[in-house]
Amino acid sequence: MSCNSEKEDVILATAFDYTLYQSDIKGIVPAGTSKTDSISIIKNYIDNWIKQKIILQKADKNLNSDQKNFEQQLEDYKNSLIIYSYETKLINQLLDTNISNDEIEKYYNNNADNFQLKDNIIKVNYVKLDINSPLKAKFKNMVFSKKDDNDEKSQLIDLATKHAVNFFLDDDSWLLFDDLLKEIPIETYDQEAYLKSNRTIESKDENFYYLIHIKDFKIRETTSPISFEKDNIRNIIINKRKLELIEKMQKEAYDQAVKNNDFKIY
């Protein structure tokens, strides 16, 4: 074989003004593939390539009158993608994501009217036991206890860890009441009235026994507590910092271009 022929690429297919070369399909067949399967993979690739070019040609022909606008859209998309990639890189390098509790509290106090509950929320102690559990009475006394005793709470958590099917015993966290209702066999058509008249709930079904002590609740359309909004506020502050960082970058770039006489307006 001559040196010139070694440099020539083998043509596998053509469609309109497009050409598929052997070098274009390099690597599409995994190592160790049988000859029969290799031929099938290559044939499918060529068939799909031809179909794509046929549709592309038809689309290009029918969109010919809109070609200028289409090219402008592609250019706009390319520019937007470049700018977005640069801004993302800038944010990853320079954005301060540390948000103090003081910042969260300040933002909450200044924007309290914006934090209205869309759902009812509760602070709850909840234990789910096997229906035949011999510890039902013990759990009931501990879950429904009115004592604010850290040692007793630790004992309850330890007991629930060992013997409960499921439990939630965090006095400080707010939960959606709807999420609790997914766990227990209770039907209520007026959640607000139910919460106002039920603080300790004992329920059961065919397989499980449930103990629910509602410690506190907030009704929808009232002001949401700050502890429930912390993550939301943190994200708001971070997004605000992102916008400020991008605006600063844009201003600095513009000011530098003015200083260097990099543009003119005619």
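A residue counts as buried when its relative accessible area is under 20%, as exposed when that area is over 50%, and as partly exposed in between. In the predicted model described here, Glu71 has a relative accessible area of 45% and is therefore partly exposed. Glu71 belongs to helix H3, which covers residues 67–94. Between Glu71 and Ile82 the separation is 11 residues in sequence and 17 Å in space, taken from C-alpha to C-alpha.

The packing of two helices was examined next. Two packed helices are described by the angle between their axes and the distance between the axes. For helix H4 (residues 101–110) and helix H9 (residues 226–259), the axes come within 9 Å and cross at roughly 95 degrees; because angles of 65 to 115 degrees count as roughly perpendicular, H4 and H9 are placed in that class. On the side of H4, the contact is made by Asn101, Glu103, Ile104, Glu105, Tyr107 and Tyr108, while H9 contributes Ile226, Lys230, Ile233, Arg234, Ile236, Ile237 and Arg241. By class, the residues of this contact between H4 and H9 comprise seven that are nonpolar, one that is polar and five that are charged.

Arg241, a residue of helix H9, has a relative accessibility of 17% and therefore counts as buried. When residues up to four places away in sequence are not counted, Arg241 touches Leu95, Asp96, Thr97, Asn98, Ile99 and Glu103. Glu103 is also one of the residues that H4 brings to its contact with H9.

With neighbours within four places in sequence left aside, the contacts of His213 are Lys123, Val124, Asn125, Val143, Phe144, Ser145, Arg199 and Thr200.

Rolling a probe the size of a water molecule over the atoms shows where empty space is left. The largest pocket holds about 200 Å³ of space. This largest pocket is lined by 13 residues, of which Lys147, Asp149, Lys153, Asp171 and Lys215 are the closest to its centre. Two or more lining residues are given by helix H5 (136–143) and by helix H6 (150–163), and the largest share, four residues, comes from H6. Sorted by class, the lining of the largest pocket contains seven charged, three polar and three nonpolar residues.

Several exposed positions lie outside the helices and strands. Asn114, in the loop between H4 and strand E3 (121–130), has a relative accessible area of 57% and is therefore exposed. Although 109 residues separate Asn114 from Thr223 in sequence, the two are 8.4 Å apart in space, C-alpha to C-alpha.

Backbone geometry was considered last. Most residues other than glycine have a negative phi. Asn261 lies in the segment after H9, and its relative accessibility of 64% is over the 50% limit, so Asn261 counts as exposed.

How values were computed. Residues numbered from 1 in each chain as written. Predicted model: local features only at pLDDT ≥ 70, side-chain atom pairs only at ≥ 80, totals over all residues. Heavy atoms only, no water. 1 Å grid on protein atoms, 1.4 Å probe; cavity = no way out; pocket = protein on both sides within 12 Å on 5 of 7 lines; lining within 4 Å. Points joined across faces, edges and corners; volume = space filled by probe spheres on them. Nonpolar A, V, L, I, M, F, W, Y, C, P; charged D, E, K, R; others polar. Axes fitted to C-alpha atoms, helices over the stretch in contact; angles between N-to-C directions. Parallel < 35°, antiparallel > 145°, perpendicular 65-115°, else oblique. Contact = heavy atoms within 4.5 Å. Buried < 20%, exposed > 50% of the residue type's maximum accessible area, 1.4 Å probe, protein only.
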